[in-house]
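Dear colleague,

Please find the structure for your review below. My notes on it follow directly after.

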Amino acid sequence: MKIIDKLNQKGIHISFEVFPPKKDSPIESIYGKLEEICSLNPDFISVTYGAGGVGGCSRTAEIASKIKNDFKVESVAHLTCVNSTKDDIDTALDRFQSCGIENIL
């Protein structure tokens, strides 16, 4: 579902934002916290891309996919274009699409 459709619905909307773990931490370290956050039934959870756009796509895509597909909460993947080429952006968009992510900030 597109986030805009949720935001166009009347009422209060609750969302959370999460940051992928640093590269030297296992990605699984965030999954327990995601489960807790998702149990609060937010409208969506956004996942940041990484400071300065460095190396964020892979972890952002994986976490956003986990939120959407495993925890059944809509997700928004951040896409930072700083220091990226057109090919880098195309690759990131392809990865998001392959993960089923349709909301990108």
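Which residues are buried in helix 2? They are Tyr 31, Leu 34, Ile 37 and Cys 38, where buried means under 20% relative accessible area, exposed over 50% and partly exposed in between, with a 1.4 Å probe and protein chains only. These residues lie on the same side of helix 2, because they cover an arc of only 115° around the axis, taken from the directions from the helix axis to the C-beta atoms. Lys 33 and Glu 35, on the other side of helix 2, are exposed.

This is a predicted model, in which local features need pLDDT of at least 70 and side-chain atom pairs count only at pLDDT 80 or more, while totals for chains, interfaces and linings use all residues. Residues are numbered from 1 along each chain as its sequence is written, and side-chain values use heavy atoms, with hydrogens and water left out.

The buried residues of helix 2 pack against strand 1, strand 2 and helix 3 (57-70); contact means heavy atoms within 4.5 Å. Helices (H or I, at least four residues) and strands (E, at least two) are DSSP runs, numbered from the N terminus.

Strand 1 (residues 15-18) runs parallel to strand 2, joined by four bridges; pairing requires at least two DSSP bridges between two strands. Ser 15 has Phe 44 as its bridge partner in strand 2. Strand 2 also pairs in the parallel sense with strand 3 (residues 74-77) over four bridges, and there Ser 46 has Val 76 as its partner in strand 3.

Both faces of strand 2 (residues 44-47) are covered, with Phe 44 and Ser 46 buried on one side and Ile 45 and Val 47 buried on the other.

Yours sincerely
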